Amino acid sequence: MICARTIFRCFRWLERMGDRVTGAAGPFFVGLAVILISLGTVCFFDVIQPTLRFPWLTTPPCILIVCNLFMHYYYVCTIPPGFIQDGPREAKGGILWAGEKPNSSEQRRGVRWSGEDGLGSGIKISKANLTMCKKCGQTRPERSHHCRICKRCVLKYDHHCPGVNQCVGLHNERHFVMFMAYLVISTFCYSVLGYQKMLGALGLTFMFDWPYLVPSLAYILIYMLSVVLCLAVGIMLSWHLLGVAAAETSVESQDHDVYRKIAKSRNDTFVNSYDLGKRKNLELFFNIGPTGYPWYTLILPLRIMPYTDGRSWARREGFERHRGVREGEELTDEDDDEHAP
Ligand SMILES: [Zn+2]
Ligand SMILES: [Zn+2]
């Protein structure tokens, strides 16, 4: 027993060290990401873009993809994920914010705050249950979790991402997914359209010189990185989109696996009360569709508010809470500590 406890303490220490390293490495990762994305952009417009046919047709989409890539990364790094102490936020005007939907006196901007009955179209919104965080001693709405690195509770916590040097939560999760999507699109374009020039840079084609601004070595490195990132981020993006379509955050998808087993052991079926069906889940996450912002906000690098302030959630009709998991059985952030031998 003593031995088990020592091993557990050892793991705890390693975990805390890991958290510290992750927190400290954040700014380094962000700096590196900005340098690499900028270098990739220069390589593309210096080497690949001039080779494209119909430049009047192909240049605008290229510029749009680059703008989305930079802006969504800027948003995900700078918009706070939504800490439980923060007051409700309001959408602001200005060039970076998505505008109101035309003819939408009723539907306004797709933003519906706590306290309102629903989103229209028959969607039921109900107040979140409150629990106490044992780590920071604050009352928090359901779907919030405590971040060990930020040392605060985050609304609709997904994970702490060292690549953006902060948590991904309610207010920046959309930009996180959009950034990943545009990263996959841009690295895919780079990998496919830059293939011939890559052979030239490697000296495998009949090319006497390298008449470009960027050194061939930089082009080769960015090309290899693009291929790797396209595959790796493509897999991450697919996994995230599957979670979004199932109305689960990364934390919840792990918790729900446990709940499914608990329910199964009682011959019951677990039902996620936030799951309104794939299409509606995706619409609510991206806040588009009949009750949200216009669809073109997916292709313009605009800021958007989530459909809720994190203190109320859209739920399936007839479900005030998940089915298959009883009160008191829900997993909490403190479970790791409580399970100490
Ligand atoms: Zn907390
Ligand atoms: Zn965090």
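## How α3 and α5 cross

In this predicted model, helix α3 passes helix α5 in a left-handed crossing. Two packed helices are described by the angle between their axes and the distance between the axes. Here the angle is about 145° and the axes of α3 and α5 are 8 Å apart.

Who makes the contact? On the α3 side, the residues include Val177, Met180, Val184, Thr187, Phe188 and Ser191. On the α5 side, Tyr223, Ser226, Cys230, Val233, Gly234 and His240 are among them. Sorted by class, the contact of α3 with α5 has 15 nonpolar and five polar residues, and no charged ones.

Take a look at cysteine 230, which belongs to helix α5. Is cysteine 230 buried or exposed? Cysteine 230 has 20 other C-beta atoms within 10 Å, and 20 or more is the cut-off, so it counts as buried.

Leaving aside residues up to four places away in sequence, cysteine 230 touches Val184, Thr187, Phe188 and Ser191. There's also methionine 180: it sits 50 residues from cysteine 230 in sequence, yet their C-alpha atoms are 9.6 Å apart in space.

## What the UniProt record lists

The unreviewed UniProt entry lists "transmembrane region" for residues 21-48, 54-75, 176-196 and 216-237. How do two of these stretches look in the model? Over residues 176-196 the chain is 95% helix and 0% strand, with its end C-alpha atoms 32 Å apart. Residues 216-237 come out at 100% helix and 0% strand, and there the end C-alpha atoms are 30 Å apart.

## Helix α7 and the residue after it

Helix α7 spans residues 278-286, and its buried residues are Lys280, Asn281, Glu283, Leu284, Phe285 and Phe286. What covers them?

Just after α7 comes asparagine 287, in the loop between α7 and β8.

Now over to helix α1, residues 2-48, where phenylalanine 45 has its place. Phenylalanine 45 has 16 other C-beta atoms within 10 Å and is partly exposed. Its C-alpha atom is separated by 9.0 Å from that of cysteine 62, 17 residues apart from it along the chain.

Phenylalanine 54 lies in the loop between α1 and α2 (55-78). Why does phenylalanine 54 count as exposed? Because it has 7 C-beta neighbours inside 10 Å, and 12 or fewer makes a residue exposed. Its phi is near 50°, a positive value in a residue other than glycine.

Stepping back, the protein has eight helices and eight strands. Buried residues make up 32% of its 341 residues. Of the contacts with a separation of 6 or more, 70% are between residues 24 or more positions apart.

As for confidence, the mean pLDDT is 87, and 90% of the residues reach 70 or more. Over residues 102-109, though, the pLDDT is below 50, and this stretch has nine contacts in the model beyond near neighbours in sequence. Residues 337-341 are also below 50, with five contacts beyond near neighbours in sequence.

Key. Residues are numbered from 1 along each chain as its sequence is written. Chains are lettered from A and ligands numbered from 1 in the order in which they are written. This is a predicted model: local features need pLDDT of at least 70, side-chain atom pairs count only at pLDDT 80 or more; totals for chains, interfaces and linings use all residues. UniProt positions are given in the numbering used here, feature names are shortened, and annotations may be inferred rather than shown by experiment. Helices (H or I, at least four residues) and strands (E, at least two) are DSSP runs, numbered from the N terminus. Two residues are in contact if their C-beta atoms, placed from the backbone, lie within 7 Å. pLDDT is the predictor's confidence in each residue, from 0 to 100. Axes are lines fitted to C-alpha atoms, for helices over the stretch in contact, and angles run from 0 to 180 degrees between N-to-C directions. A crossing is left-handed if the near helix is turned anticlockwise from the far one by less than a right angle, and right-handed if clockwise. Ala, Val, Leu, Ile, Met, Phe, Trp, Tyr, Cys and Pro count as nonpolar, Asp, Glu, Lys and Arg as charged, and the others, Gly among them, as polar.
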